[in-house]
Amino acid sequence: MTSQTLNQTNDQLTAPGNGISIRERMKRDLSHQWKSAKKHKVQYLFLAPYLIIFILFTVVPVVLSIGLGFTDFNVLEPPDFVGLQNYFRLFLDDKIFIKSLANTIMFAVVTGPIGYMIALLMAWLMNELPKSLRVIITVLLYAPSLTGGMTVIFKIFFSSDATGYLNAMLLKWGLINDPIKYLENPDYIVPIVIFVVLWGSLGTQFLSFIAGLQGVDRQYYDAGAIDGIRNRWQELWFITLPLIKPQLLFGAVISITGSFGIGSIITGLTGTISTDYSAHTLVLHLQDYGTTRFEMGYASAIATLLFLVMVGSNIVVHKLLEKVGE
Amino acid sequence: MKRGIFKKRISRSVGGDITLLIFLLFFVAVMMLPLVYAVNMSLKPANELWLFPPKFFAINPTFKNYIELFRLISDSLVPISRYIFNTFLITIAGTGGHIILASMAAYSLSKYRFPGSVLVFKMIRTSLMFSGAVLAVPNYLVMSALGLIDSYLSIIIPAFGSTLGLFLMKQFMDQMIPDELLRSAEIDGASDWVKFWKIVMPIVKPAWLTLMIFSVNSLWNKGATPYIYTESKKTLFYALSQITSGGLARAGVGAAISIIMIAFPLLVFIVSQSNIIETMATSGMKE
């Protein structure tokens, strides 16, 4: 394209319908925005304290980290810019990365939707209970999430020697002759990890769903009954879920960060690295490079990729949730 | 069946109610297992900890583990009361500040459209998805640039700006605050602060009570951070986990610690849950 045509497109391209050039419109737009910004001074004031802290402690570190993904950085010496080399290395040279990418997606696809459904279903059922019973059952269900080391009991339950509960039981009943190495055998590790993750799914989403259901006005249900809602499933789909859509979206993001970020549960069960990397995930891979090998540049590249995967799946999930209640 | 366990509605069948209740109770039993296990472990005398075949329940329950824990605590160089103070300070300041700042920001983002509002919210929501594991080095740089190293503020101030809370509060304000309500308050001459503090915050009480649980739980269980190195500024969780690092011989004491650590968050949780449901009972209508 010659410079002349370029100029033309810039200056004389007019918006269809009205005869104003784009530059003119942009000017108007800007002045409009400026007016709106001045009008909302108070809103900026309300936002500012939080936003400043958020920028300092989240945006700046994240941006720095994405930048480090293009460098070779061992924490001790200043980072060396290497362009896309970390990313080439990941896809061409790092078999464990490919394995952990596949594992991460597999864990997320299995545990994300199921865990989300469990949390939603349980919150909805709790909402049917009378007040006092509801408080008691909510407390009983969530209390285990308050203790940090829940994986410990599963480690003992599935322990590989004869003192593990599962092995002890099976031995006693004569179903097996030798203790099974549940946490060393790749065939068992993956299902056990999935089981423990699902067990722990009554967390953040669960409580936000419960609180969200509290905000639903009872009148809608009466109105729904008149409009011909016949059973609790119809009521759930056509009335309840659309009314708690903001919480559904919140829960989806939490589910995505949780199910793509599975890591500490696996190390809790199998130790730092599972047999043959059978349950290795991206989070564990980046921790391995970041904290053990001090290859911060490489670890940051993994984090950036994981981030992109999550953002992508969030877009998909968002589209799906738009269909709720239709 | 007027006085059934479940609120009677046309869309409900008795059979369905009973099935659901049984299902719920079964689920509760499964979920409670680890907690019951931890309580039992903390009550087991040393010779029962590693029995074969393993016994789930303590045969001769004893408080020895708790007594041993208190003995170990009283030996520590920095008095335990100091660790407890630190943890309370961090938890209360961090949670209070976070709820107020995040709610103020959420109010702006949820109820007004102004230049940058959509972008800021998208940025906050998206940032939740970045793995924290690689942020240690950049975070350290920011902390030291701001001179926060080795101060309580290195935990408290980042807690103020935590992303989860803003996202949660904004979603609830989207759901629970009708625009007309704010408009009519404006006509009555309410200032922005009055609208926020007297109208919005009481309505979204279930939301900030829920947020309080998340925040208290995460701050209460804060362990060692790379930003604090003075022993007397460290947290209770850090102090107690030093004790468990004694290995297998201290498994019983470790279980006692996890029971003691859960007490405060559990209390906060029970109080907040009963209030969430109370809110519904007293101010159940909108507008």
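**Contacts within and around chain B**

In this predicted model, 7 residues of domain 1 of chain B are in contact with 6 residues of domain 2 of chain B.

**Exercise 1.** Work out which helices of chain B supply at least two residues each of the side of domain 1 that touches domain 2, and how the residues of that side divide by class.

*Solution.* Begin with the elements: α1 and α2 (46-49) of chain B each supply at least two residues of the side of domain 1 that touches domain 2. Next, ask for the largest share, which comes from α1(B) with 4 residues. Finally, sort the residues of this side of domain 1 by class, which gives 5 nonpolar, 1 polar and 1 charged.

**Exercise 2.** Describe the side of chain B that touches chain A, naming the element that gives the most to it and the classes of its residues.

*Solution.* Start with the contact itself, in which 86 residues of chain B meet 88 residues of chain A, where a contact requires C-beta atoms within 7 Å. Then look at the helices of chain B that supply at least two residues each to this side, among them α1 (14-43), α4 (80-111), α8 (163-176) and α13 (251-282). Of the elements, α13(B) gives the most, with 13 residues. By class, the side of chain B that touches chain A has 61 nonpolar, 19 polar and 6 charged residues.

Methods. Residues numbered from 1 in each chain as written. Chains lettered and ligands numbered in written order. Predicted model: local features only at pLDDT ≥ 70, side-chain atom pairs only at ≥ 80, totals over all residues. Contact = placed C-beta atoms within 7 Å. Nonpolar A, V, L, I, M, F, W, Y, C, P; charged D, E, K, R; others polar.
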